[in-house]
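Biologist: Please show me the model, and let us go through the words used to describe it.

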Amino acid sequence: MSRSTHFRYEVLRVLRNRVFYAVTLVLPIVLFFGVASGQRHATFNGTSFPLYFMTAMAVYGSMFAAVGPGARIARDISGGWTRQLRITPLRAPTDLAAKVASAYLLALPTLVLLFLAGALLGVRLAASQWLEMTGLILVGLVPFVVIGFVVGYLMPIDTLTPALGGIVGLFSLFGGVYGFELAKSGPMFDVMKALPSYWLVQAGRSVAVGGGGWPGQAWLVIAIWSVVLVPIAGLAYRRNAARA
Amino acid sequence: MATRPGPDGGIVLSHLSKSYGAVHAIRSLDLAIAPGETVALLGPNGAGKTTTIDMMLGLTRPDRGIISVFGLPPAKAVQAGWVGGMLQTGSPLDHLRVRELVALTASYYPAPLEVDDVLRLTGADAFAGQWTTKLSGGQAQRVRFAAALVGDPDLLLLDEPTAGIDVEGRRDFWQSMRDIARQGKTVVFATHYLEEADAYADRIVLIARGEVVADGPATEIKAQASSRTIRATLPDADTATLRALPGVRAADRHGNAIILSCSDADSALRALLGAFPSIRDIEVSGGNLEEAFMELTAETSDAAVDVMEARR
């Protein structure tokens, strides 16, 4: 029995989906050049605007890649494929692992492309800083992968795309992904700092300015979102399995 | 590689019951299937055929009762790769071609068949490069059949495999099915097409109201449901005497001809010959399976509708 075949086809299905390229690559790269090329020398929160917005757009595209398995789960359920899989020897954890791994693999091109775009507009970081930033973003995407699972198991296919788009949009708006922050202090700022998307966007600044990566609060926020969401995803999975 | 099932291991369903809310989909179902048998689960819509198949596949858990598939619980037998299933709902997977879908399914099994062989056997080779979401009903059915076969399972469970398929497609399907069954596989298929059950199964299990109402070879089911008719020329017997013979349900006379409707034509004929040595022109006509089916499942319509609504 080959687990790699399942993983390979999981990735292949995404790579054949044009919408995937549109939201994870084209949209962020167009927004990045559209907004940042006019502000190459501007600064934002103590860093260069291109560095900030490069990170923001890398996060934007990779968040879509991260919730992607959710869309495939909903598609598989509605097409009857989930039931078909359950009458083969494939184990549910193997399917789950393939979906998580594919989400991460497919988030990487977005990061690489946006980092190259950032370098074109003058973003300069040490190799270790690029790597550290990549690592932080991959960790910060964990809650989004899990959100994808929850939504994929619970939402019917026809409402799924707007639901996932809306969720990523809200996290982006409150996390400062769109190139501006809703607040710099006060209760709204506290709300922002409680979101994983905020800390994802801060990954670039954290490695460039502080040098020490994320503050403790960032790790705590990511950890809490993950720890709370994972059991919810488990319940959603079981609810679906019982229904099948 | 998983151990193959022993020669003694068959499929046993014992005292199964399953309810959806207040509706009893399966009441108390007992069934034993020997390895190599081809069995039709025949019954009207809502009789409990799909629920029975789903339970044998481990998709649905019975409320009570035990299922053993070659000595294992259904989910374990599925994990071992012993079971292949064809569900009623299709399984088009977006962004995959037919060949890829079958190859992907093959990769889940410990000892799959050659993908190309299976595509050829099921007739799916003609459109192997087609996207699975762009298939006609008949093509999708072939792909689902290929996916059920490619793992080389010992037990094939097919839930209404020819529903919505044209006559030619059905004939091709059953031709392939016969080739498979000849390899010694155990095949259980659900159908509400009487001719299919009659023509392709060694044995028919008639299910109604979530219970087995008849079980045996097609000819036996027909006999059990009675509708055999004896016609003969016999001028000197009154209908009351004829009606009193064993196995006779109704007697009628047209001139010198008698017409006996029998619940047990064999006994009736023996008695008839003993009592009336002068009888001649005897003709026994078997009721068709359709009549047997209607008779055995006659009271089911209300219950069937309930179950269908509950499942919807």
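Biologist: Which hand does the crossing of α1(A) and α5(A) have?

Modeller: The crossing of α1(A) and α5(A) is right-handed. A crossing has this hand if the near helix is turned clockwise from the far one by less than a right angle, and is left-handed if anticlockwise. Before going on: this is a predicted model, where local features need pLDDT of at least 70, side-chain atom pairs count only at pLDDT 80 or more, and totals for chains, interfaces and linings use all residues. Residues are numbered from 1 along each chain as its sequence is written, while chains are lettered from A and ligands numbered from 1 in the order in which they are written.

Biologist: Why are α1(A) and α5(A) called oblique to each other?

Modeller: The axes of α1 (residues 3-15) and α5 (residues 92-120) of chain A cross at roughly 45° and come within 9 Å. Angles under 35 degrees count as roughly parallel, over 145 as roughly antiparallel, 65 to 115 as roughly perpendicular and the rest as oblique. The pair α1(A) and α5(A) is therefore oblique. Axes are lines fitted to C-alpha atoms, for helices over the stretch in contact, and angles run from 0 to 180 degrees between N-to-C directions. Helices here are DSSP runs (H or I, at least four residues), as are strands (E, at least two), numbered from the N terminus.

Biologist: What makes α7(A) roughly parallel to α11(A)?

Modeller: Helix α7 (residues 142-154) and helix α11 (residues 216-243) of chain A pack at about 20°, with axes 8 Å apart. That angle makes α7(A) roughly parallel to α11(A). The crossing of α7(A) with α11(A) is left-handed.

Biologist: How do the residues of the contact of α7(A) with α11(A) divide?

Modeller: They divide into 16 nonpolar, two polar and one charged. Ala, Val, Leu, Ile, Met, Phe, Trp, Tyr, Cys and Pro count as nonpolar, Asp, Glu, Lys and Arg as charged, and the others, Gly among them, as polar.

Biologist: In chain B, what is the order of the strands in the open sheet?

Modeller: The six strands run β5-β6-β7-β3-β8-β9, with mixed pairing.

Biologist: Why do β5 and β9 of chain B stand at the edges?

Modeller: β5 (83-86) and β9 (211-216) of chain B each have a single partner strand, so one side of each is left without a neighbour in the sheet. Two strands pair if DSSP finds at least two bridges between them. Strands β3 and β8 of chain B, for example, pair in the parallel sense over four bridges.
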